[in-house]
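Please consult the sequence and the structure shown here while reading.

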Amino acid sequence: MDRECVSLLPRVCEVLAASGSSLPDDTILEKLLDWFTALTEAGESLLEACPCLLEFISAVIHDTASAPGVLSFTLRLIGLLAAAEDDFRVLKESLVLDLVFSCQHWQELGLWGDPCIRIGWIQGLRTTLQHPKGLSFFIQADFIEPLLQLQTDTSLFVASAANQMLTHVLLFCQPVSSIGCNGTDKKEDEQNTSVSKAVVENPADPMEINQDCTAVVVAISEYLKRALGVPKGSTQLHQCQQTLRLLALLLGQTKPPLRDKLLQTVTASLEEMVAADCSELTLPLMDVILAACSDRVHTAQSVRLLLLPLDIISGQNLLGTNTAGDMHRFAMTEQLKSKTSCISMISVCLTNTPQIAHMDPDCLPCAPDLIVSGILSLLRICSGDSSSSSAGCSEVFRNVIGSGKVQKCALEALTAVSNSPGANGKLTDVLTLLIQYLDNPDSDPTVLHKSYQALVKWMSVCTDISFITDQLRHDLVQVVKKRACDMRWEVRDSTMEFLGHLGAMRVCQASAASEALLGGCCCTTPLLREALQDPESYVRASAIKALAQTVMHSWQEGAAPTQEKTEIVTRLLEILSQDTEGFARRAVVQFFIAWFSSHTSHTPPSSPASPSCSLLMQSVRSVLSRGCADLDWEVKVHTLELAELLLDKAFLGHRSYTKGSDACPAQPHAYAVMPDRAYTLHTHGDTHAQDVESDLVEVLKNLVEQGVISALLSGLVDCDRPVALKACRLLITLRVTVCPALQGDPDVSAATATVARVSCELPRAGWAQEIRKILGVRSEANAERDLNVLNATSFEDHSEEGANAVSHCERVSVCEALGSLGLDERLEILSRSSDHVHNSPLSLLQDILTASTSHTDSNTQPGQEVIVDCY
């Protein structure tokens, strides 16, 4: 622990112990606890490093005037200390543990009624259970009973914490051999393993630990058996609901044989509750069934119960001829007649339908394709068409007709079952229904968005296009044209995204259906070009991305630029320099990044420049100059990403160049559309490396001409840290590549030495003034002239045209600049976050002391209070 923190902590403890009325900031206790937790996780003994904590604990727990928040913090702090066995022994010998975790003690003080105290009690006790001594303390003090009572607490936060604590206790007692079974999260498995190993690897008394664990399991099992039953009043109903939630939590996290034991204990009670037809318990009962689903013995029964609501509504006979579910059909039908209950149950059913459709056929009561039919029938009913589901329950139909929630859940389920066994046979029905949904004037924007998503997913898995008729193709084209002009911007935005997804699938040849439906459609590009004028910036941005996914594949083929292509590029550059919203401007820069990435991936290095490449490279300088002058930091970062790609291409094969400015490898660009087969970037041998070195001067001149060097220098002095950081890293990469002499490399060839003569312009206005100041090339003689030029140049003139209007631009050697900018020192400073100054433990402790002084000072003026650092 930092020495200054150790010296301040006693005074901070005094302040907290004396703060019976209020604290300067109600988050300081959480921050302190987080700091203490980090120290203990690093292996430090808090009581050894900070003996003042024991004095603080003693002062607080014996002071009846202590604030509930401070008491709750103290309970959690004690639990954190007791998590270490040595500190646990100290607290036990001083009788602190017995006092603070005594419920009776807090009841006698009249503080147990405060939820803050009960939460602190639960969380502190839970942290204590990290070793066998903690478990023995828990059992011997008989804490299991008050903990079981708290799981039905009137405070939902307390009840939830109690449930989590009971699960933690039960997992503590779970045998290590059962950890790691299928069906758990990896992180959860690691936590469970560490808990159980604590019992096995540190057995102070193995027989006693065994007895303790058995006692916990028996107590919880008996409670579940006693608490689960048909409720006879509101109090019992609440208890039953909470207990079912606890059971679902336990079944979801425990493993055999412990889970089997719990199921055996509660099976009879669960069957009794199901038969009692209590609608208030339906959802928590279904949660319990879902939690037990991973147990194969109960899977088939669980599946039947989960599919029952869909079976009743759709009339698709999803349960087959087996009548085992008939006993629940009447009760379920009655519950579905209530709109609230109906929507809740059908939503639970639909959420789990995809998982069911992909199960082993032996567990299913019907073929998976029949489940798809059930979802389609439900969607038809939701849109008001019940003619195809005459076998369904007509009294339930009215509850789902027009229900946006059910439609969204059903569309999500339909998307997820697209690759289930036998789903391909339903493709025609699915596409027909989705087009009807897209055409429905009553569909809200979210439903339309999910319809588009489902359409894309089903087309991506389609292998047989023989079913696609001219009528189906015509209907889709018409509905897309209609939605592209919708009055709601969200719908227009979803339509642009849909066209982009289809374009990407066509380029990658991932879907024969997308090509068959829209491949010959001449409306796609005109719709996207029209959307570039849309009044909503989100739509403009989505249209730009969709254009990248749709038209770029034809630009890679090297054909001469068409008028349409040239007009699109011109319009994109206009958006970059004139659009008032950052979303569209970011999308433009990403468009050119994707175009450049795609072009270099498809074109072998030895290929001659194509007309399409010429149009691209002509645009690059404008993109760099306009992007670097943008007010949006994300636009500037994307602009530097384009500059980085240009560096990668220029120095490809050079022995000193390291591709990528960041430590992590570059990910495929979000807009990039890569086919299954792409050209491989060539690696060059020593002979080619020498050729590259001899051409270094020409390469650097090209980078200067393209505006790459200016973009990097501009970014280096940018006020936004992410921009400056990326520019600094790229400049260091450039320095290592072109100026090896600056790195102390004795093997500097004559060809490389001539690189020092390559220079770039420093304009009189804007970012160059800061660069000139760093380099010391700005003289007093022209300082006044620079100021006049700056004042006379409007903000809009800081573009490429404005910069060119300023005459007598000074030139500076690129290598000289790279060696004089102090890049390494800048990188060190830029790599730091502000937290190293403002969000440190020392800063927190100092703020607490300063705030307490200000709080007690009668001369403090309103508005002058000290605010403690927030996370």
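The sections below take up these topics in turn.

**Aromatic pairs**

The model is a predicted one, and it holds 14 aromatic pairs. A pair of aromatic rings is described by the distance of the centres and the angle of the planes. Two of the pairs are set out in the table.

| Pair | Distance of centres | Angle of planes | Class |
|---|---|---|---|
| Trp112 and Trp121 | 5.6 Å | 85 degrees | edge-to-face |
| Phe592 and Trp595 | 6.0 Å | 35 degrees | tilted |

The planes of Trp112 and Trp121 stand at 85 degrees, and angles over 60 degrees count as edge-to-face, so this pair is assigned to that class. Trp112 and Trp121 are both buried. They also belong to a cluster that ring pairs form from Phe88, Phe101, Trp112, Trp121, Phe137, Phe138 and Phe143.

For Phe592 and Trp595 the angle is 35 degrees, so the pair is tilted; stacked pairs have planes under 30 degrees apart. Both residues are part of helix H32, which spans residues 582-602, and they are three residues apart, about one turn of the helix. Phe592 has a relative accessible area of 1% and is therefore buried. Trp595 likewise has a relative accessible area of 1% and is buried.

**The buried side of helix H36**

Helix H36 comprises residues 696-706, and its buried residues are Leu696, Val697, Val699, Leu700, Leu703 and Val704. Around the helix axis these residues cover an arc of only 165 degrees, so they lie on the same side of H36. After H36 comes Gly707, which has a positive phi, near 95 degrees.

Is Arg492 buried or exposed? With a relative accessible area of 11%, Arg492 is buried, because the cut-off for that class is under 20%. This residue lies in helix H27, residues 489-508.

Which residues does Arg492 contact, leaving aside its neighbours within four places in sequence? They are Arg483, Ala484, Cys485, Asp486, Met487, Asp534, Pro535, Glu536 and Val539. One of these, Asp534, is joined to Arg492 by a polar contact of 2.7 Å between the side chains. Another, Val539, is 47 residues from Arg492 along the chain, yet the C-alpha atoms of these two residues are separated by 6.5 Å.

Technical notes:
Residues are numbered from 1 along each chain as its sequence is written. This is a predicted model: local features need pLDDT of at least 70, side-chain atom pairs count only at pLDDT 80 or more; totals for chains, interfaces and linings use all residues. Side-chain values use heavy atoms; hydrogens and water are left out. Rings of Phe, Tyr and Trp (its six-membered ring) pair if their centres lie within 6.5 Å; planes under 30 degrees apart count as stacked, over 60 as edge-to-face and the rest as tilted. Buried means under 20% relative accessible area, exposed over 50%, partly exposed in between (1.4 Å probe, protein chains only). Helices (H or I, at least four residues) and strands (E, at least two) are DSSP runs, numbered from the N terminus. The arc is that of the directions from the helix axis to the C-beta atoms. Contact means heavy atoms within 4.5 Å. A polar contact is a pair of N or O atoms within 3.5 Å; within protein, one must be able to donate a hydrogen and the other to accept it, and residues adjacent in sequence count only if both atoms are side-chain atoms.
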